[in-house]
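Let's take a walk through this structure, strand by strand and contact by contact. Have the viewer open and click along as you read.

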Amino acid sequence: MYKRLSAFVTIIMILALVITGCTSQASNIGLARENDQNTIGTDFIVAEAGSYDSADTAVVLSTDFDSGNVTFMNIATGKSYTLSYDGTTYVKDRHEGPMSMSQIKEGDIVDITFLRGKKKLASVQLSPQSWVYDNIENYDLGGVNKTATIGSGTYSLPDQVVVLSDGRRVEIMDIVNKDILSFSGIDHEIYSINVQKGHGYLRLANDQALIGGWIEVGNTVIQQITENMLLAVPEGNYQVFLSNGNASCMKDVTIERDKEVVLDVGDLEITGEMTGKILFAVNPSEATVNIDGETVDISQEVELTYGIHRIMLEAEGYESLTKYIQVGSEYASISFTLEESEDDEEDSDDKSESAENKNDVSEVENAVTGNRVYIDGPQDVEVYLDGNYIGISPINFKKVTGSHTITLRKNGYQAKSYTIYLYDDGQDITYSFADLEPEYYNNDTVSGNRSSSNRRPTSSSSGGSTNSKDTVSGNTVSGNEESGSNN
């Protein structure tokens with residue numbers, strides 16, 4: 001009996017020890033797993049393929065294929081960091097399909113996992129939440145309250161938005177409104193902007209006979225010719241048409257990014273004044289038509305000299321329309337259709353109140369204010385406002401609301417353009433831009449001798465504006481709405 005009791009007690013003690021040991025072991029394993037999730041760079045983490053302790057949604061800033069490093073920016077905090085990758089790093093597209101690291105581009109929004117302590121990239125995937133808009137020309141980055149428009153959509157522009165040009169990080173104001181952009185974002189937030197096609201510069205030489213006339217660069221730029229003008233033009237190949245009364249010429253140019261081309265127009269053709277008769281068809285028929293500042297009767301043919309003319313149309317209850325047309329044939333017809341404006345007075349009142357509360361300046365765009373804009377730096381450089389020379393810095397000029405291109409130029413240095421957005425806020429504004437970079441290339445001179453590209457302008461003058469146009473060459477063309485509203 002005693003032996004049986006002793007054996008029973010022994011079994012009970014063994015069972016107690018086994019149960020206690022297992023519980024303790026299980027507890028330790030659970031604690032280890034818990035620590036494994038929160039501890040970085042410990043022995044609990046094995047650097048195997050797919051191992052990670054951190055995850056982010058980030059913008060790719062740069063990739064160094066030689067060193068195997070990628071630099072990211074966290075979209076939530078704006079902080080940048082660099083991670084290494086190797087053959088064990090998983091690279092996937094938005095649909096979980098395989099990719100190579102060389103297919104991941106600067107500006108891409110990606111979801112990544114990594115080992116923080118080891119700075120090792122475990123996986124990178126093009127974020128399924130993100131969207132990309134390529135080859136965008138219709139945009140405005142100067143909205144109030146840090147907003148931007150892409151086509152008809154409105155998006156937020158966070159402070160940490162990544163702007164890239166030729167792989168280098170730049171500022172929003174480095175973008176000129178003729179640049180072609182790629183946007184990436186999530187929901188209604190823009191996180192990266194990439195300049196797909198930038199701009200170069202076009203200067204005229206021997207252009208005295210054309211001052212006051214017009215220059216047309218492809219269908220991209222149309223502007224009144226002023227003395228010593230310097231135009232920012234999108235990179236590409238163009239036919240340039242220049243005219244002033246009975247003087248005109250056509251040239252071919254190639255514009256490269258950040259380079260200046262000097263176009264010699266000394267061989268322009270002087271012809272007798274030619275005119276064309278234009279028949280207008282306008283809807284609504286009661287619209288007022290103004291050509292080059294004068295109201296005309298369009299019930300019959302209107303005779304216009306060859307060249308470019310500014311057309312303005314207005315009608316009660318319709319959006320106003322401004323277009324430029326080029327007359328180049330003896331007879332032609334052109335039609336315009338105005339769009340109806342909003343009739344709902346209550347809705348209109350709501351919009352007006354909303355615009356007032358938001359400080360919206362769209363209703364007074366291009367209005368001259370009582371304030372001034374000061375360009376303090378860099379000093380001793382030529383300053384151009386929307387392509388027109390205004391003087392040597394430091395300099396100031398009248399504040400006109402809207403977006404404007406400021407171009408800085410100096411002999412031996414690379415010209416630089418900035419887009420500024422001016423508002424009727426009752427304040428002067430001062431800009432001090434970065435120093436110009438040395439010029440490492442020679443300017444190109446088209447159809448003439450090199451010499452005029454390095455002259456210093458000696459006078460300032462105001463100029464026209466950049467707009468779209470219709471060409472009247474014997475065919476019927478339709479005009480599209482361009483700007484403004486008739487209240």
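## Starting at β1

Keep in mind that this is a predicted model. A handy place to begin is alanine 55, which sits across from threonine 113 of β5. That pairing belongs to a run of 6 bridges between strand β1 (residues 54-64) and strand β5 (residues 109-115), with the two strands antiparallel.

β1 has another antiparallel partner: strand β2 (residues 69-74), again over 6 bridges. Threonine 63, for instance, has valine 70 in β2 as its bridge partner. The hairpin made by β1 and β2 has 4 residues between the strands, and in it glycine 68 adopts a positive phi near 70 degrees.

## Rings around Phe72

Now for the aromatics. There are 9 aromatic pairs in the structure. In one of them, the ring centres of phenylalanine 72 and tyrosine 81 are 6.2 Å apart with planes at 40 degrees, so this pair counts as tilted.

Phenylalanine 72 and tyrosine 81 are both buried. Phe114 joins in too: ring pairs tie Phe72, Tyr81 and Phe114 together as a cluster.

## The nonpolar cores

Which residues have the most contacts inside the largest nonpolar core? They are Leu202, Ile215, Val217, Val233, Val240, Leu242 and Leu263, in a core of 21 residues. Strands β15 (199-205), β16 (214-217), β18 (230-234), β19 (236-244), β20 (247-255) and β21 (260-264) each contribute at least two residues to this core. The top contributor is β20, with 4 residues. A separate core of 20 residues lies apart from this one, and its members include Ile278, Tyr318, Leu321 and Ile334.

Leaving aside residues up to four places away in sequence, leucine 242 touches Leu204, Leu210, Trp214, Ile215, Ile225, Ala247, Ser248, Cys249, Leu263 and Val265.

## Salt bridges

Charged pairs next: the model contains 12 salt bridges. One of them brings together the side chains of lysine 92 and glutamate 96, at 3.4 Å from N to O. Lysine 92 is partly exposed at 25% relative accessible area, and glutamate 96 is partly exposed as well, at 49%.

Aspartate 166 and arginine 257 form another salt bridge through their side chains, 3.2 Å from N to O. This pair connects distant parts of the chain, 91 residues apart: aspartate 166 is in the loop between β11 (162-165) and β12 (168-170), while arginine 257 is in the loop between β20 and β21.

## A salt-bridge network

The side chains of arginine 203 and glutamate 260 also meet in a salt bridge, with 3.3 Å between N and O. Arginine 203 and glutamate 260 are both buried.

## The three-stranded sheet

Finally, head to an open sheet of 3 strands, ordered β33-β30-β36 with mixed pairing. β33 (395-400) and β36 (429-432) are the edge strands; each has a single partner strand, so one side of each lacks a neighbour in the sheet. From one strand to the next, the twist averages 25 degrees. Strand β30 (residues 368-377) and β33 run antiparallel and are joined by 5 bridges, and valine 368 stands opposite valine 400 in β33.

On the β36 side, look for threonine 430, which is part of that strand. Threonine 430 is partly exposed at 47% relative accessibility. Apart from residues up to four places away in sequence, threonine 430 touches Tyr374 and Asp376. Asparagine 396 is 34 residues from threonine 430 in sequence, and their C-alpha atoms are 8.8 Å apart in space.

Notes:
Residues are numbered from 1 along each chain as its sequence is written. This is a predicted model: local features need pLDDT of at least 70, side-chain atom pairs count only at pLDDT 80 or more; totals for chains, interfaces and linings use all residues. Side-chain values use heavy atoms; hydrogens and water are left out. A nonpolar core is a set of buried Ala, Val, Leu, Ile, Met, Phe, Trp, Tyr and Cys residues joined through side-chain atoms within 4.5 Å. Buried means under 20% relative accessible area, exposed over 50%, partly exposed in between (1.4 Å probe, protein chains only). Contact means heavy atoms within 4.5 Å. Two strands pair if DSSP finds at least two bridges between them. Axes are lines fitted to C-alpha atoms, for helices over the stretch in contact, and angles run from 0 to 180 degrees between N-to-C directions. A salt bridge is a side-chain nitrogen of Lys or Arg within 4 Å of a carboxyl oxygen of Asp or Glu. Rings of Phe, Tyr and Trp (its six-membered ring) pair if their centres lie within 6.5 Å; planes under 30 degrees apart count as stacked, over 60 as edge-to-face and the rest as tilted.
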